[in-house]
Amino acid sequence: MKKEYTIPELEKKANEIRQDIIKMLVKAGSGHSAGPLGMADVFTALYFSVLKHDPKNPFWEERDRLILSNGHICPVRYAAMAHAGYFPVKELDTLRKFGSRLQGHPERERLPGLETTSGPLGSGLSQASGMAYVGKYIDKTTWRVYCAMSDAEQEAGQTWEAAMFAGKNKLDNLTAIIDRNNIQIDGFTEDIMPLEPLKEKYEAFNWHVLEVDGHNIEAIIDACNQAKAIHQKPTVLIMHTIPGKGVSFMENDFKWHGTPPGVSNMEGEPAKEEQVNIALKELRTLGGKIHSEQE
Amino acid sequence: MVNPKAHLSEKLFHDEIEKVPTRNGYGEGLVAAGEENKQVVVLCADLTESTRSEAFQKKFPERFIEVGVAEQNMASLASGMALAGKVPFISSYATFSPGRNNEQIRTTIAINNVNVKIAGAHAGISVGPDGATHQALEDMALMRVMPRMSVIYPCDALEAKKATLAASRITGPVYLRLARAGTPQFTTEETPFEFGKAEVFYEGKDATIVACGPLLYEAMIAANLLEKEGVSVEVINNHTIKPLDQSTILQSVQKTKALVTVEEHQVAGGMGSAVVEMLSQQFPVPVEMVGVKDRFGESGEPDELWDAFGLSHPHIIEAVKRVMKRK
């Protein structure tokens, strides 16, 4: 029987996952910071409330399938999977190291539970749609497909090929989740290649669209449940998130898209020697609001 | 002489030999594979009739998926379907698939290591009047350098049918190369076809021709004409480019000590390239390579293009004579 978590318990879990993201990125010495921190609440909600899954039986036929299209935010998936019991939390230290199951971008065959290999942006929604098509029309299964994407990969043409396919085929067993954090490597999305009006674009492709506060775990769970109740349309949840959420100097700053803490001195940022301590302290104390017993 | 064990058509060198495009064999093979295995599904990108996926669509409509003009989506949809237990065949023209969707094949099919079959029709200049944009000449190179990918290029429609069925029985990604134009149907039901096993179609001792695809027939004509001049040539049907049947090729070349490769593809990176990569390390001999030499195709009729691009049997005969002088 799956454990039912309270919202405060889930919030605490998300915070632990954020701390582990910082720690694993520091050990790795490279990787992406902003996206994983921004999606920690969503991945906590998915792995500890929404998904039908069994960490001890990752190939369980009836499991929901979670596709991570923007593979570069894999630290949040790895951390959530470790906390959910797929593998020991200690293994997070091997991120990006030679021989590790935790590759820099996720590789399906290396780690049970990943579902797909991903990284190059724009192909996840296609894979998810292929699975959902089989589930809905050919094998008539009960499992759902979830597909997490970045906002910048909405710039990739293939994403819209898949959106058109899912809309045409009324894939109501598919829930897409867009991390709408407004940043990408080269800058702000609306400067690089404007995406708005994103909601109307998906609606025009015959999708049901919900805009969600990506840091309100209760709202995230509610939205996922609403999506299950929508018939004859796939649903996309536009998750409004703050990149780097929980670490003040990283929040909303595209410089932290592809950089781990503790590696480089950047203008206007804490010295590199200080970055990790500040980040972990802010997370432990929720930005100075509480005094944690862990301090 | 023609190898009797190849069981080739009695009309092999007759003018009235029937001409059938290899894509037709693919269509028949899909139906056979679909009958044998309920997990087989077929996806097509708005080329259902042309790729001959139509027969499968009619027979198994619930297992046929039309994706529109979206080859990148098609490759990754197939990846997802394979992960859900299906054996997807994706059908398009080779310039688009594996051309346009090469990265999707790399990431979501090959690195992902899923059981997807890629059928690239309209490969080679024999596509004819459509011109360079639709004449794939680089596709075997793209697929042969892809780890985990197998590559099959059948010589006629019946072999294409056998190859399609064989591909459905292999676990893992496979590229099937197909042609548009009708070409001689010279193998028979009895002709051996085994994935990964090259076959000696013509026995000889003075030089070896390794060929694949419809040009194999031109190589057979060349061998027949050369025999009349007293030159004894061995012709090998190398339908599986990857994994390469090293021993059959080596055995022949160790005997003849001269090699001509023949293919309707860029010489760079193609089937001949795979063969000489192996031989240069194991048994170097003089080599002549018949193929397309670093240029794109153009409009024309298949036969006149084969002549103009130096691929038809008179060019193969010249190549054999050149290589024998270098022995």
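Mentor: A residue counts as buried if 20 or more other C-beta atoms lie within 10 Å of its own, as exposed if 12 or fewer do, and as partly exposed in between. Keep in mind that this is a predicted model.

Trainee: Why is Asn206(A) called partly exposed?

Mentor: Asn206(A) has 16 C-beta neighbours inside 10 Å. Buried needs 20 or more and exposed needs 12 or fewer, so with 16 Asn206(A) counts as partly exposed.

Trainee: Where is Asn206(A) found, and what is its phi?

Mentor: Asn206(A) is in the loop between α8 and β6 (208-213) of chain A. Its phi is near 70 degrees, a positive value in a residue other than glycine.

Trainee: Is Arg52(B) buried or exposed, and why?

Mentor: Arg52(B) has 27 C-beta neighbours inside 10 Å. The cut-off for buried is 20 or more, so with 27 Arg52(B) counts as buried. Arg52(B) also has a positive phi, about 65 degrees, although it is not a glycine. Its place is in the loop between β2 (40-44) and α2 (54-59) of chain B.

Trainee: What kind of peptide bond joins Glu196(A) and Pro197(A)?

Mentor: That bond is cis, with omega about 0 degrees. Pro197(A) lies in the loop between α7 (189-192) and α8 (198-204) of chain A.

Trainee: What is omega for the cis peptide bond from Ser97(B) to Pro98(B)?

Mentor: For that bond omega is near 25 degrees. Pro98(B) is in helix α4 (residues 95-100) of chain B.

Trainee: How many residues of chain B are in contact with chain A?

Mentor: The count is 23 residues of chain B, against 23 residues of chain A. Two residues are in contact if their C-beta atoms lie within 7 Å. On the chain B side, α3 (71-83) and α5 (102-111) each supply at least two residues. The largest share, 9 residues, comes from α3(B). By class, this side of chain B has 9 nonpolar, 10 polar and 4 charged residues.

Trainee: Into which domains is chain B divided?

Mentor: Chain B has domain 1 (4-16 + 190-325) and domain 2 (19-184). Taken over C-alpha atoms, the centres of these two domains of chain B are 24 Å apart.

Trainee: How many residues of domain 1 of chain B are in contact with domain 2 of chain B?

Mentor: In chain B, 32 residues of domain 1 are in contact with 32 residues of domain 2. The elements that give two or more residues to the domain 1 side include α8 (215-228) and β13 (259-266) of chain B. That side divides into 17 nonpolar, 11 polar and 4 charged residues.

Notes. Residues numbered from 1 in each chain as written. Chains lettered and ligands numbered in written order. Predicted model: local features only at pLDDT ≥ 70, side-chain atom pairs only at ≥ 80, totals over all residues. Helix = DSSP H or I, 4+ residues; strand = E, 2+ residues; numbered from the N terminus. Nonpolar A, V, L, I, M, F, W, Y, C, P; charged D, E, K, R; others polar. Domains from an automatic or database assignment.
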